[in-house]
Amino acid sequence: MIAEAAVYLATLPVTTKPHRPFIRYSVNLWSRARRCSKEWAEHEQRSRKAVLDAMAGLRQKRTAVVLGSGLLRDVPIDVLAKSFDTVVLIDLVHLASVRLWLKARGYRNIRLIERDLSGYDELISGGSPEPLAFLRQVPYLDFVVSANLLSQIGRGVVRRIESEPQGTVQDGASRLIAAHIEGLAALPCRTCLITDISYAVIDRMGKTHEEADLLLGITPPLAPDRWTWPVAPLGEESRDYQIIHQVIAARSGV
């Protein structure tokens, strides 16, 4: 708990006020990633490989954007920084530990941007959400990665909708998931979508007790790569069950 508190307190002053409520979620993820590093290693390695496969053969490597850059454990940041003129990392929160790590690496072509990528504000105001429309204004954009972000948008929006007056946006979360997928597909550049699409709660005997669609009925794009991710291995949330997510990696664009 001391380490978590230190990361939280160090991140607070470097995070804009609207995004400070989300720091604790990032710290919780950081903490779990450390505890489950062995069980998450294959997922992180396959995520990094999916990014490398997606960028293979690019004719130009000027600007790359990573949506949901998070802890950078699932992103081949060294290769991206060496390959592209500019790499832009976008997330709600950039933990102080991540900032310090990047500084220690001496990268001069990496930019950090805080941004809510969900499109929730547009949704709640009654508009037609286009959460990735801002990417069309990024000059010399050649590559965009959505890194294990999409299902988090869905879960986060569901929580936020529950706090709104009843009936405000009944299908809001699924609309924003669809808008993210559509936004990626509409970009005039190479893209890579890595996302978990479902989960199952499985006991020690291999029996499944619960399953859920993390994309809330939205069909993901065709994906050549699929794997499992033990988000909560045995002992993390319970001695008696584990939570396994199904992950896909899809590529599109020129």
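L72 lies in the loop between β1 (63–67) and α4 (77–83); here helices (H or I, at least four residues) and strands (E, at least two) are DSSP runs, numbered from the N terminus. The structure is a predicted model, in which local features need pLDDT of at least 70 and side-chain atom pairs count only at pLDDT 80 or more, while totals for chains, interfaces and linings use all residues. Residues are numbered from 1 along each chain as its sequence is written, and side-chain values use heavy atoms, with hydrogens and water left out.

Although L72 is not a glycine, its phi is positive, at about 65°. With a relative accessibility of 8%, L72 counts as buried; the term means under 20% relative accessible area, whereas exposed means over 50% and partly exposed lies in between (1.4 Å probe, protein chains only). N148 is buried, its relative accessible area being 4%.

Strand β5 (residues 190–203) has 13 of its 14 residues buried, so it is largely enclosed by the rest of the structure. The table lists strand pairs; two strands pair if DSSP finds at least two bridges between them.

| Strands | Direction | Bridges |
|---|---|---|
| β4 and β5 | parallel | five bridges |
| β5 and β8 | antiparallel | 12 bridges |
| β5 and β6 | antiparallel | five bridges |
| β7 and β8 | antiparallel | seven bridges |

A147 has I194 in β5 as its bridge partner. Towards β8, I202 stands opposite Q242, and T195 stands opposite I248. I248 in β8 is also the bridge partner of R226. S198 stands opposite D213 in β6. Strand β6 covers residues 208–213, and it forms a hairpin with β5 that has four residues between the two strands. In the turn of this hairpin, G206 has a positive phi of about 90°. Strand β7 comprises residues 225–232. In a regular strand the side chains alternate between the two faces of the sheet.

**H245 in strand β8**

H245 belongs to strand β8 (residues 241–252). Its relative accessibility is 6%, so H245 counts as buried. The side chains of H245 and D196 are joined by a polar contact of 2.8 Å; such a contact is a pair of N or O atoms within 3.5 Å, where, within protein, one must be able to donate a hydrogen and the other to accept it, and residues adjacent in sequence count only if both atoms are side-chain atoms. Apart from its neighbours within four places in sequence, H245 is in contact (heavy atoms within 4.5 Å) with R155, D196, S198, Y199, L214, W227, T228, W229 and V231.

**The helices α2 and α3**

Two packed helices are described by the angle between their axes and the distance between the axes. Helix α2 (residues 23–35) packs against helix α3 (residues 37–55) at an angle of about 100°, and their axes are 6 Å apart. The axes are lines fitted to C-alpha atoms, for helices over the stretch in contact, and angles run from 0 to 180 degrees between N-to-C directions. The two helices α2 and α3 are therefore roughly perpendicular to each other, a class that spans 65 to 115 degrees, with angles under 35 degrees counted as roughly parallel, over 145 as roughly antiparallel and the rest as oblique. On the α2 side, L29, R32, A33, R34 and R35 meet S37, E39 and W40 of α3.
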